[in-house]
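Open your viewer and get ready to click along with this short tour. At each stop, select the residues named and look at what surrounds them.

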Amino acid sequence: PHSMDIQDVSQFNLNNIERIEILEGPSSVMYGTHAVSTVINLIPFPFQDVPFQSSVRGSVSTTGDYNIDGRATLRLGHHDLQLYAGRYFFGGLVGIDSGRVMQWKPRSQQFVNLQYRYRFYRGLEAFAMFNAFRDDTRDRGYPINQSIRAHDHQYLTLRSNLGFGLSGKLSKYHTLDAIANLNLYRWRDAEKLVDLQNLETW
């Protein structure tokens with residue numbers, strides 16, 4: 001779960017999501033201090049009970065979208081490994097008042113999701129996961145009055161997550177569900193002054 005007031009919802013990739021749960025009411029005990037009203041829980045696809053499975057999808061549109069992603073699952077004995085990765089690109093759409101400024105900004109996204117699971121006896125399992133995401137959005141500005149220069153922005157989002165856990169049934173009356181996560185988030189606005197004649201930047 002994420003706090004929606006600081007998240008760009010277009011950065012959530014739903015192609016690897018099996019279902020979405022909406023939990024109404026305070027849930028701070030389980031999901032943190034931001035979960036004071038409603039939690040939207042995005043649940044990814046589980047491990048598949050097959051020795052090997054893979055898929056690749058791609059799409060191209062007339063509006064400048066070029067997308068590709070793929071998923072692979074491998075099972076060897078008690079070991080399960082699942083990989084999901086892809087790249088999305090949008091070239092942007094020009095506005096009606098300028099050939100330089102995009103009404104819909106160009107954007108590229110790259111992501112990878114790696115999960116590992118080891119299944120013990122009696123349904124007890126240990127797992128590890130790693131997620132990485134990169135979003136690069138370009139915003140080209142209008143030319144400055146009476147000059148051949150413009151201010152351009154590059155909005156860069158970097159997000160990664162490393163997690164370990166242990167879950168399962170210990171006995172008839174006891175279950176275990178423990179997880180530890182390390183989350184890293186970085187957002188940067190790189191502003192540049194561009195010379196529109198020779199494309200030099202400062």
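Start by selecting Asn-16, which is buried at 5% relative accessibility; buried means under 20% relative accessible area, exposed means over 50%, and partly exposed lies in between (1.4 Å probe, protein chains only). Before going on, note that this is a predicted model, in which local features need pLDDT of at least 70, side-chain atom pairs count only at pLDDT 80 or more, and totals for chains, interfaces and linings use all residues. Residues are numbered from 1 along each chain as its sequence is written, and side-chain values use heavy atoms, leaving out hydrogens and water.

Asn-16 sits in the segment before strand E1 (17–24). Strands (E, at least two residues) and helices (H or I, at least four) are DSSP runs, numbered from the N terminus. Which residues does Asn-16 touch, leaving aside those up to four places away in sequence? Select Pro-44, Phe-45, Arg-71, Tyr-84 and Asn-113 to show them; contact here means heavy atoms within 4.5 Å. Now zoom in on Arg-71: its side chain makes a polar contact with the side chain of Asn-16, at 2.9 Å. A polar contact is a pair of N or O atoms within 3.5 Å; within protein, one must be able to donate a hydrogen and the other to accept it, and residues adjacent in sequence count only if both atoms are side-chain atoms.

Next come the salt bridges, each a side-chain nitrogen of Lys or Arg within 4 Å of a carboxyl oxygen of Asp or Glu. By this rule there are twelve.

- Arg-19 and Glu-21 meet at 3.7 Å, N to O. Arg-19 is partly exposed at 41%, and Glu-21 is partly exposed at 28%.
- Arg-75 and Asp-80 have their closest N and O atoms 2.7 Å apart. Arg-75 is partly exposed at 21%, whereas Asp-80 is buried at 1%.
- Arg-138 and Asp-136 have their closest N and O atoms 2.9 Å apart. Arg-138 is partly exposed at 41%, while Asp-136 is buried at 6%.

Now select Asp-49, Arg-75, Asp-80, Arg-117, Arg-119 and Glu-125 together: salt bridges that share partners join them into one network.

For the last stop, go to Phe-164 in strand E10, partly exposed at 48%. Phe-164 belongs to a nonpolar surface patch whose other members include Phe-52, Leu-74, Tyr-116 and Leu-184. Together, the patch residues have about 1,100 Å² of accessible area.

How values were computed. Patch = residues over 30% accessible without salt bridge, like charges linked within 9 Å, V, L, I, M, F, W, Y side chains within 5 Å. Areas by Shrake-Rupley, 256 points an atom, 1.4 Å probe, with all protein chains shown as cover.
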